[in-house]
Amino acid sequence: MGSHMSGALWWLAERLSGSLEAGEREAVIGDIAESGANGAQALRDVLDLVVRRNWRVWLTLAALAGQAYGLLIFVAAPLRDFDIWWKYGVRNEDGLSAGQDLIALTCHCAALICYAWTSGFALAFFCRRKIHVKASLLYLIWLFSLTARSRLPLHSAALLVTLEALLIVFPSLRGMRKGSGAPVIGFAQFGLLASATATTAALAIWTSTWFANAIEVWSEGQIRTEISWLTQVLLPFAILNWPVAYLAMSARRRKLQVI
Amino acid sequence: MLGEFEYLLLTAAAKLGEDAYGAAIRQDIENVTGRSCSIGALYTTLDRLETKGLIETWMGEATPQRGGRPKRMVRLTGEGAEAAADFYKTVIAASRGAAWAVI
């Protein structure tokens, strides 16, 4: 190792280069070393390449983080009721029947599962390199969002882990596995996926309006709740459906074979 | 049609011949243009040119001044040489009659 290739910034540059592929990492660090760059220049050069290589990944992850947070606020009501039942064994008497609670919970969970699968598929399909790193980041984002306790006060750690595994991790892993293989998805399968995503999203949004109506009935008209079409209907629908829509729009350009 | 930086890179690789690799190409581009050439721009452009079939790259030997790390060697393909020649002819033709043209 050259004498100039030492110090904290060089060490940082070498660690950062770990996100590049092995062959490229060696060649890049070798080129920088040969140019006689100091630590700051080496770090700047490596950072420049890493950002250029992975900008799509960071954008995707940032978008998913925002969506995850928004979606979890959207599904907070049925999950909160389930959490109270899980912890205390009593139903939150919010004006809905037990059957309505169950239907709302099922619809919201189904929508989350569909979204997680398509997000995983899209992430793996568009960002093939270092997929395990990206998957780990995605799960950290989901976990962080799910534990945003100010909006989703879950009491039980076991429930938290179970929910994340069933609703997010497993479907997302399945989607990633499919998306990281050959870029082929059957036409019938794609149609089924799009239909399932749209249907579960519509049902989840429809059942979420029950909570607002129930609160009005429960408070005997004291609390008036008006459904916002933009933030409570259109936005959640768009968020839940964007991975499928994006896949459909990108199919030709990215050679995704819908057969 | 090539981009300006793609042309510079192909030309540097052609001039360097058997000695064309990342650091040498970068140095040549900086000498010719008088501007700094980032590693990020260099390597992403190498990838793009390789995808287009205009160059071939492979891992070469390691040297002590590189900290024992291998070089990414670069060689123009026939299509790469044609594309660079087309770009050159276009620039020459487009420049004819301009105040700064020397030909």
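This is a predicted model: local features need pLDDT of at least 70, side-chain atom pairs count only at pLDDT 80 or more; totals for chains, interfaces and linings use all residues.
Student: Which pattern does chain B follow along the sequence?

Tutor: Start with the inventory. Chain B has four helices and two strands. Read along the sequence, the pattern is α-α-α-β-β-α.

Student: How many helices and strands are there in chain A, and in which pattern?

Tutor: Chain A has nine helices and two strands. Its pattern along the sequence is α-α-α-α-α-α-α-β-α-α-β.

Student: In chain A, what part of the contacts with a separation of 6 or more joins residues 24 or more positions apart?

Tutor: Take chain B first. Among its contacts between residues at least 6 apart, 49% join residues at least 24 apart. In chain A, residues 24 or more positions apart account for 81%.

Student: In which sense do β1(B) and β2(B) pair?

Tutor: Strand β1(B) covers residues 55-63 and strand β2(B) covers residues 69-76. B:Ala62 stands opposite B:Pro70 in β2(B). The strands pair over seven bridges, and the sense is antiparallel.

Student: Which residue in that hairpin takes a positive phi near 70 degrees?

Tutor: Look at the link between β1(B) and β2(B). The hairpin has five residues between the strands. The residue with the positive phi is B:Gly67.

Student: Is α1(B) parallel or perpendicular to α2(B), roughly?

Tutor: The axes of α1(B) and α2(B) come within 9 Å and cross at roughly 115 degrees. Angles of 65 to 115 degrees count as roughly perpendicular. That makes α1(B), relative to α2(B), roughly perpendicular.

Student: How many residues of the contact of α1(B) with α2(B) are nonpolar?

Tutor: The crossing is right-handed. B:Leu8, B:Leu9, B:Ala12, B:Ala13, B:Lys15 and B:Leu16 of α1(B) meet B:Ala24, B:Ile25, B:Asp28, B:Ile29, B:Val32 and B:Thr33 of α2(B). One residue of this contact is polar and two are charged; the nonpolar count is nine.

Student: Why is α1(B) oblique to α4(B)?

Tutor: Helices α1(B), residues 4-16, and α4(B), residues 78-95, pack with their axes 10 Å apart. The class of roughly perpendicular runs from 65 to 115 degrees, and roughly antiparallel starts over 145. The pair is therefore oblique, given an angle of about 120 degrees.

Student: Is the crossing of α1(B) and α4(B) left-handed or right-handed?

Tutor: The contact is made by B:Tyr7, B:Leu10, B:Thr11 and B:Ala14 of α1(B) and B:Gly80, B:Ala81, B:Ala84 and B:Phe87 of α4(B). These divide into six nonpolar, two polar and no charged. The crossing is left-handed.

Student: Which element gives the largest share of the side of chain A that touches chain B?

Tutor: In the interface, 19 residues of chain A are in contact with 16 residues of chain B. Two elements of chain A give two or more residues to its side: α2 (22-34) and α3 (39-74). The largest share, eleven residues, comes from α2(A).

Student: How many residues on that side of chain A are charged?

Tutor: Sort the residues of chain A that touch chain B. Eight are nonpolar and four are polar. The charged ones number seven.

Notes: Residues are numbered from 1 along each chain as its sequence is written. Chains are lettered from A and ligands numbered from 1 in the order in which they are written. Two residues are in contact if their C-beta atoms, placed from the backbone, lie within 7 Å. Ala, Val, Leu, Ile, Met, Phe, Trp, Tyr, Cys and Pro count as nonpolar, Asp, Glu, Lys and Arg as charged, and the others, Gly among them, as polar. Two strands pair if DSSP finds at least two bridges between them. Axes are lines fitted to C-alpha atoms, for helices over the stretch in contact, and angles run from 0 to 180 degrees between N-to-C directions. Angles under 35 degrees count as roughly parallel, over 145 as roughly antiparallel, 65 to 115 as roughly perpendicular and the rest as oblique. A crossing is left-handed if the near helix is turned anticlockwise from the far one by less than a right angle, and right-handed if clockwise.
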